[in-house]
Each structure stands twice: as structure tokens, then as C-alpha cells.
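User: I would like a close look at a single part of this model, followed by an account of how that part sits in the rest of the fold. Please keep it plain.

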Amino acid sequence: MRRAAIRTFHFLKLILCPDMPDFNRNDTINLFSKLSLRRAWNGVKVLSSYYVSKWTRKSVQWGLPVSISFEPTTSCNLRCPECPSGLRAFTRPTGMLEKEFFRDMIDQLAPELLYLTFYFQGEPYLNPAFLDMVRYASGKNLYTATSTNAHYLNDENARRTVESGLDRLIISIDGTTQEVYSQYRIGGHLEKVLAGAANIVKWKEKLRSKTPYVFFQFLVVRPNEHQMDEARALAKKTGVDGIRFKTAQIYDYENDPNQLIPQHSALTRYRKKPDGHYEAKNKLNNHCWRLWHSPVITWDGLVVPCCFDKDATHRMGDLREKTFKEIWHNTEYVHFRRQILQSRSHIDICSNCSEGVKVWGD
């Protein structure tokens, strides 16, 4: 029975959340509890249409998204060197997701939707309505997740987070000492991160809640690659449910001007060439599961194909003008999926995509 559950978990992990750490019984049961016949049938339609498209090279889409990312805000308190939010480098407008707009969208999407991520760019807790939106989505029996730098997980916010029904909380912790942590998380304070994580653990115990499933995410870069074992020990000491090590996306990876690419080749998405420059490891096959099951909605209602389109340059439609279903099946989306199937290497946001690159979890 356990083996079957683990196999099913890894299937769901593959199609829904490849950044998930290894098997956790409570989290898996919780994810399964969100399924309904309508959501399961939609998942079958999406998966089958993806494979039909992959085999025939024709853009076919029979279902609606299984998973969606909403952007609570583009604002952030940190200045991480490989993040548009941190660099304040957006060319698109910046702002906050409005609660009423979000509710309208969830009412449209909830019957088929299973997994909802409150993250694209920015720090979610900077949106004052963030936890209210989590609570609303949880009330629709959606599996909800977010990623945070944990600087705003004070005692009150930690309690409200647990009470909101959030199912998964990813806490970024990219160093085990302040000196190393601040080399990437510029402007950040490690002690705040650890205190925030401890607050979540405390309120889960006080409220006797199994959620959120909380884990550290350790973005492996050159300054911190020597601290991976220490990070495992720190996660255990803090009482979080696990830790996941993630390879870093480097924008100018050919030159690596910030010297962030790890020296150990197994810890990076890139390989060093004889001339000293770098190239991406991943092979760009002409298909992409993300385009069939998991779009992104920006704070101001733009639908973009995936989380690698950070500046929303490939806009499939505007939800303030059309319904999601109209956009999901419109000419722009059909054309973009067809491009993926025919010549993915010619699409700019695909050139630095991590599809197929290994990540690790404990």
C-alpha cells in the first residue's frame, strides 16, 4: 500500500510540483483530499491532450489548468542579484494583486483547478490581503502554496498563516551564516528567517495543525555550496518538515558576472566550456508540460505561459477584458503551444529553462 502511495505521489510530483521534497505522508494525503471527480477528469483531459500534441505536433488542449500561479505582488524587501524584483528591473507595471479580482478569478477556475501557487515575482507577505486570499482559495478546497523570504513571519502573521489553511510554505534560506546568506539575499537577515520559521512551527503545534507543510529552500550558488550539510542540520534543528536544494537560474550564464555558478558541476544547470564561458546543460526538446497545465497570472491580470516569462513579454491575454477560458483556448495560446512543439529553441524564455534539470530534496 505504501509503495503504491509513493508511486502515485511521485506521479503527482512530476505533473504538479517538481519542486516538492521527497515523500511526506501527511502532505500527500492532504493533496489527495483536494481531488474531486471533476478535477480528476480535467487532469486526464489535460494530460492526454499534452501527449496527443507531443506526438502529432499539433496544438491540442481539451482541459483547463491543473495548476496556476498567481502573483500577489512585484514588490520585494530584498535585492537578490538574479531576481527582477530584487533588481527593480521590470519593464512591466508593478503593483499588488487586488482581492476582489482574485476572488472573481478563483470562482471561474476552482471547479477544475487543483493546485494554486501564490508566487511569481515579489514577496507575497507584502500584499496586505495575501492571507485573506489564501483563506478564500482554501475555502474552495484548493491546494495552496507560497514561497517567502520569511522576513514578515512575525508571531501574528505566523498564526494567521496557519489559520488561513495554507497547505505548503517554502522558506528561502540560502546560507547558514549571516555572512554567506547576505551575499545572495542582499539586505536580508538570517535571524529573521529562522525566527519566522520557528514561529510557523510553534503555531502549527499550538493549533494542532498538520498544515502548512513547511520546508527550507536552499538556492545553491558558489558562495554557499559548501554549507549544504550545515543547512540540513539547521532545518532539523528548526523543526521544519524538510529541506530542498535548488539549482540557480543565472541570467547572463555565459559570463556569470556575479560569480554565482557553483564550482561543483552537479550543483548547477550549466557546464563550463573550454574557453571559460558556460552553456546550459539541458536539451531543449520540442515540448513542454508547463504550457498545457500550469500558466501564470500577473498581479494586473495578464496571462503568461509560465514562470520563466518574468517580465510578461509573451502575453496570452488580459483577464480584465476576457474570461480565462476564452484566453486559454485563444489564437495566441494555440500559436505559442505550436511554436513550442515545432521550434522551442527559438523562444527566448525557453533558452534558460530548468525543465529536465535535477533538483534535490531531503
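Leaving aside its neighbours within four places in sequence, which residues is threonine 298 in contact with?

Analyst: Threonine 298 is in contact with Glu71, Arg92, Phe120 and Ala312, once its neighbours within four places in sequence are left aside. The model is a predicted one. Threonine 298 is found in the loop between β9 (296-297) and β10 (302-304). Its relative accessible area is 0%, and because buried means under 20%, threonine 298 is buried.

With a relative accessible area of 16%, phenylalanine 90 counts as buried. Tyrosine 270 is 180 residues from phenylalanine 90 along the chain, and the two C-alpha atoms are separated by 25 Å.

A buried residue in a strand comes next. Threonine 148 is found in β3, which runs over residues 143-148. Threonine 148 has 2% relative accessibility and is therefore counted as buried. Apart from neighbours within four places in sequence, threonine 148 is in contact with Glu123, Tyr125, Leu153, Leu169, Ile170, Ile171 and Ser172. From threonine 148 to asparagine 127 the C-alpha distance is 12 Å, for a separation of 21 residues in sequence.

After α6 comes asparagine 141, with a positive phi near 60°.

Helix α7 (residues 155-164) can be read in a similar way. Its buried residues are Asn157, Ala158, Thr161, Val162 and Ser164. Their arc around the axis is only 160°, which puts them on the same side of α7. The packing partners of these buried residues are α6 (130-139) and α9 (190-206). Just after α7, glycine 165 has a positive phi of about 95°.

In the loop between α9 and β5 (213-220) is proline 212. Threonine 211 and proline 212 are joined by a cis peptide bond, with omega about 0°. Arginine 208 lies in the loop between α9 and β5 as well. Its phi is near 50°, a positive value in a residue other than glycine. Arginine 208 has a relative accessible area of 79% and is exposed, because exposed means over 50%.

Arginine 57 gives another case of positive phi, near 65°, in a residue other than glycine. It lies in the loop between α3 (37-56) and β1 (67-70). With a relative accessible area of 39%, arginine 57 is partly exposed. For background, most residues other than glycine have a negative phi, and most peptide bonds are trans.

The whole chain gives the setting for these parts. The protein has 13 helices and twelve strands. Of its 362 residues, 56% are buried. For contacts between residues at least 6 apart in sequence, 68% join residues at least 24 apart. A compact globule of 362 residues would have a radius of gyration near 21 Å, and the 20 Å of the protein agrees with this. The C-alpha trace spans about 55 × 50 × 50 Å along the principal axes.

The accessible surface of the protein is about 16200 Å², with 51% of it belonging to carbon and sulfur atoms. There are 51 positive and 39 negative charges, and their mean positions are 7 Å apart.

How values were computed:
Residues are numbered from 1 along each chain as its sequence is written. This is a predicted model: local features need pLDDT of at least 70, side-chain atom pairs count only at pLDDT 80 or more; totals for chains, interfaces and linings use all residues. Side-chain values use heavy atoms; hydrogens and water are left out. Helices (H or I, at least four residues) and strands (E, at least two) are DSSP runs, numbered from the N terminus. The radius of gyration is taken over C-alpha atoms; the globule rule is 2.2 Å times the number of residues to the power 0.38. Buried means under 20% relative accessible area, exposed over 50%, partly exposed in between (1.4 Å probe, protein chains only). Contact means heavy atoms within 4.5 Å. Accessible areas come from the Shrake-Rupley method with a 1.4 Å probe; for residues, only the protein chains shown count as cover. Lys and Arg count as positive and Asp and Glu as negative; His and the chain ends are not counted. The place of a charge is taken as NZ of Lys, CZ of Arg, CG of Asp or CD of Glu. The arc is that of the directions from the helix axis to the C-beta atoms.
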